[in-house]
Amino acid sequence: MKNEYLPKIAVIENIINETSDVKTFTLQLKDKAIGKLKYMPGQFMMLSLPGYGEAPFTFATMPAANGRFQISVKRSGVLTNALHILKEKDAVGIRGPYGNSFPLDRMKNKDILFIAGGIGMAPLRSLAQYVFKNREDYGKIEIIYGCRMSKDIIYKNEIESWRYNPCTEIYLTVDAPDDTWGGTCGVVCAVFPRIKINPKTSIAILCGPPIMIKSAIKDILKLGFRDSNIYASLERYMKCGIGKCGHCYIGDKYVCLDGPNFSYLEMKKLGLDS
Amino acid sequence: MKRLFITSENLGLLIKSLKKDCDEFIAPKKEHLSDIIFSDTKYSGEELLNYDGNSIVSPRTFLLPQTEALFEIISVKACKFSAIEDKTKRIFYGVRPCDIKAITLTKRFFIDKPVDMCYRQKIERSTFIALACARRCSEKSFCYEMDAGPIAKNGFDLQLTPVSMGYIVDIGSKKGSQIVKKNNKLFNRSSSLDEKEAKDILKGFRKTAKRINYKKLAKIIAQNKVKESIWDDIGLRCVVCSGCVTLCPTCSCFSVMDRLDGDRGVRLRYCDGCVYAGFTKMAGGSAPFPNHKDHIRRFFEHKLNVDVERYGVPSCVGCARCIEACPGNIDIRKFIGAVIEGAE
């Protein structure tokens, strides 16, 4: 009988300092005999640090043949603080993958708008990597990424490299620009007038702080995006990842089982109107 | 179904025999001030064959204890874990039909995929002997209204229904029939007179109570048609004592923490509740339910709507423990009444 709460052991192979409070960890399961974590972009896993407990993190890279994956962690609580102190070769506990993926099938042959805010770029990076790897399956791609300050931007070089993909537009914007910032200023919504894809037939995928999701959905609805074509990755406090602990449910849905990715049509049914 | 009969004297003998087959015999006993509680009476012999009313705390605590180890941490430094197996064989005796229904609902929830092994290993090694209620346990209880009593329909291995000469015995499972087979001599066939007496219990309840239309109730809640003033009132009365979530036989929310002793330790789950302000608060500081009244609202919505939508039945069994415990006099019966009335 398998105990779903029992983590597998993973080793930190590499740590990248993205910003002053975000680190990206490259992880690999220690016992390769267990096999790889078979996940899809948008799913998450529970990371354990003995003594500190567990917290959910989304995969920040697309599934790789060698089984390596990355997570990007913003220092914001007890566990993430402890995680930031770890070094390469240290071990952590992993279980998952959990939750649903982004609507990969529905996205096929469609134009896609990504809207990311802050650390919300992590799951969308996994999706972007997947989409660029299978570039011919998708239409035009526009990615809007907003941060508070330019020093908060994560995956800077990789995002710049995405511009070389065919039919791809990248818009970076910051709320509080400093002298070094020569790009767009303002929240993600400030970029919306520049979107070229047809809102009526395109799919929008959002991930970011709740306040960004709320205002961005409101504005893309005005552009003409359909309820069923807008997807947001929701963040909730969760303790188990398997629909038992009771923390994350909204209406009759458990974010960890039925989500974390919901269409705006579903969100409205759950009372999460923008 | 063939119904059996057992005398009080033989029931005592049956318990003696059952005790030999289990590690823990969890049965009602009298605490100070005559309160009934469930306790392991395998060696103490304090169990009551029959009792009035219901236990203060439901037997839920033996399946979902206040704290429970999910697995062992063999080494913090090396990040090594090891599963724990609970091989304890438990017999639950004298469980009221409302609590039997609560266990059935909780079992379905935990065994629904992905399976919670920690709960499953306990429930699969447990035997449940229900004790039907001859009369309403308190004026606040509403088990018949919630279709959870006074006699259990399923979820038990054996059920005893008290009648004047002894107990009618119903077999509810293979485990139950094995107990009867093994202790064959202690049982008789029930007489039509005894069976009539058992039937009269139900008749009595039917005369004085009406089933709640839980589907209609769930729909009103789902459609957000509960008057805001009702939620306001409940929010005002709730002092976050957490009595309701602690005593509710179907509450199962938990949190997780590690307890260490040097380099070793355990990962624990401990009972948590939606009424606490921090229940949905995240590390970054965002709280999807910032208002006090929204917390106690989740308690009501989960019992009366979420579980109806997910499993087709409400997870309130009418035991009235939350009503008894609430210092703010929040009464789920009055809530249900006001919601249905308000929507008409």
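Of the 344 residues in chain B, 41% are buried (20 or more other C-beta atoms within 10 Å of the residue's own, with C-beta atoms placed from the backbone). The model is predicted, with local features requiring pLDDT of at least 70 and side-chain atom pairs pLDDT 80 or more, whereas totals for chains, interfaces and linings use all residues. Residues are numbered from 1 along each chain as its sequence is written, and chains are lettered from A in the order in which they are written.

Chain B contains 12 helices and 12 strands (DSSP runs of H or I, at least four residues, and of E, at least two, numbered from the N terminus). Its C-alpha trace spans about 65 × 60 × 40 Å along the principal axes. Among contacts in chain B with a separation of 6 or more, 69% join residues 24 or more positions apart (contact: C-beta atoms, placed from the backbone, within 7 Å).

Helix 7 (residues 214-222) and helix 10 (residues 292-311) of chain B have axes that come within 9 Å and cross at roughly 100° (lines fitted to C-alpha atoms over the stretch in contact, with angles from 0 to 180 degrees between N-to-C directions). The two helices of chain B, helix 7 and helix 10, are therefore roughly perpendicular (65 to 115 degrees). Helix 7 of chain B contributes B:Tyr214, B:Lys215, B:Leu217, B:Ala218, B:Ile221 and B:Ala222, which meet B:Glu301, B:Leu304, B:Asn305, B:Val308 and B:Glu309 of helix 10 of chain B.

In chain A, the domain assignment, automatic or from a database, gives domain 1 (8-98) and domain 2 (104-269). Their C-alpha centres lie 22 Å apart.

How values were computed
Angles under 35 degrees count as roughly parallel, over 145 as roughly antiparallel, 65 to 115 as roughly perpendicular and the rest as oblique. Two residues are in contact if their C-beta atoms, placed from the backbone, lie within 7 Å. A residue is buried if 20 or more other C-beta atoms lie within 10 Å of its own, exposed if 12 or fewer, and partly exposed in between; C-beta atoms are placed from the backbone.
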